[in-house]
Amino acid sequence: MQALITGIAGFAGSHLADYLLRHTDYAVAGTIHRQDGRVAHLRDHVAIYRADLRDPAAVAEIVADVRPDLIFHLAAQSFVPLSWQHPWTTFEQNVQGQVNVLQAVSEQQLSARVLVVGSNEEYGLIDPDDLPVDEATPLRPISPYGVSKVAQDLMGWQYYRSYGMEVIRVRPFNHIGPRQGDRFVAPAFARQIAEVEAGLREPIVRVGNLTARRDFTDVRDVVRAYWLILAQGEPGGVYNIGSGSHRSIEDLLNVLLSFSEVDISVQRDAARMRPSDVPVSVSDNKKLVAATGWQPEISFEQSLRDILKDWRQRLR
């Protein structure tokens with residue numbers, strides 16, 4: 001049995017590869033576009049294909065070679081602020097890459113189950129009356145990234161409806177954990193703390209907007225949900241993935257600071273201040289839980305402890 005992970009060297013992709021190798025009998029293959037550092041420890045255990053998924057011939061060749069039973073389509077441009085700077089590149093990478101994957105499976109008449117990974121950013125402008133956000137909440141994306149994820153989501157349903165493909169769609173909320181790049185808030189704070197501890201910067205953590213509240217789930221719990229829902233979910237269905245609770249960015253910072261023995265002050269940085277159109281975002285995960293029995297197993301505090309440990313190790 002073969003599993004193909006597109007974007008295997010990404011934050012979630014690398015953890016998903018770890019999970020499949022440890023907990024299933026699937027042989028694992030994956031696609032990489034540029035860097036492969038996050039899966040360097042798996043080079044002897046997974047088949048790696050280097051490709052730009054916008055190339056339909058390259059994608060068709062990989063799918064024909066692997067002949068996957070399961071496809072986890074994770075490859076994407078996933079940083080929301082970057083999508084404002086490069087809206088077309090974001091749309092092209094996220095939508096065209098998925099078209100090529102689904103088209104290859106359809107044309108080669110494979111019976112693979114395919115996981116299409118969307119985002120909570122599809123919900124976009126959340127009304128307080130919408131909380132917690134379930135799958136029937138209207139999609140009101142407010143970023144180019146969110147629009148690209150809506151397109152991927154609807155495309156997955158269309159391939160299910162038009163070709164009878166076993167496509168399952170997910171909308172994960174914020175996930176955090178080791179190996180995440182420091183463009184995101186938790187590793188951005190953790191890196192600054194680790195640099196202070198290492199004597200690489202003055203004892204100040206610079207922050208932006210701390211008031212927003214988000215549904216944070218450890219990436220290792222998220223990829224376990226990916227596995228469970230692709231194995232047990234309803235083809236054509238869509239499922240939120242999230243803890244079902246929310247914490248403020250200020251809570252996140254304070255927990256990280258509590259793990260350090262160094263006296264560190266907090267300073268607002270105008271360059272990091274971004275107004276939030278969505279003060280609170282939290283998922284209704286009942287549909288996922290009913291289908292799979294999934295529950296998050298790693299606490300918010302443990303996730304943050306592991307992120308700080310990750311950055312301390314990177315700076316050695």
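Start by selecting helices α6 and α8: α6 passes α8 in a right-handed crossing, where right-handed means the near helix is turned clockwise from the far one by less than a right angle, and left-handed means anticlockwise. Helices here are DSSP runs of H or I with at least four residues, strands are E runs of at least two, and both are numbered from the N terminus.

Before going on, a word about what is on your screen. This is a predicted model, in which local features need pLDDT of at least 70 and side-chain atom pairs count only at pLDDT 80 or more, while totals for chains, interfaces and linings use all residues. Residues are numbered from 1 along each chain as its sequence is written, and side-chain values use heavy atoms, with hydrogens and water left out.

**Stop 1: the helix pair**

Colour residues 185-197 for α6 and 249-258 for α8; their axes come within 10 Å and cross at roughly 30°. That makes α6 roughly parallel to α8, a label for angles under 35 degrees. (Axes are lines fitted to C-alpha atoms over the stretch in contact, and angles run from 0 to 180 degrees between N-to-C directions.)

Now show side chains. V185, A186, F189, A190 and I193 of α6 meet I249, L252, L253, L256 and L257 of α8, with contact meaning heavy atoms within 4.5 Å. By class, this contact has 10 nonpolar, no polar and no charged residues. Nonpolar covers Ala, Val, Leu, Ile, Met, Phe, Trp, Tyr, Cys and Pro; charged covers Asp, Glu, Lys and Arg; the others, Gly among them, are polar.

**Stop 2**

Next, select H15, D18, R22, R220 and I298, which are the closest to the centre of the second largest pocket among its 17 lining residues. This pocket has a volume of about 290 Å³. Which element gives the most to its lining? Highlight α1, with five residues. The lining has four nonpolar, three polar and 10 charged residues.

On a 1 Å grid over the protein atoms alone, a pocket is an open set of points with protein on both sides within 12 Å along at least five of seven lines, a cavity is a set where a 1.4 Å probe fits but cannot get out, and lining residues have an atom within 4 Å of a point. Points are joined across faces, edges and corners, and a volume is the space filled by probe spheres set on them.

**Stop 3: a cavity**

Finally, select L4, T6, T31, L53, V59, I62, V63 and V101, which line the largest cavity. Its volume is about 40 Å³. Look for α2 (56-66) and β1 (2-6), each supplying at least two lining residues. The lining divides into six nonpolar, two polar and no charged residues.

Key
Parallel < 35°, antiparallel > 145°, perpendicular 65-115°, else oblique.
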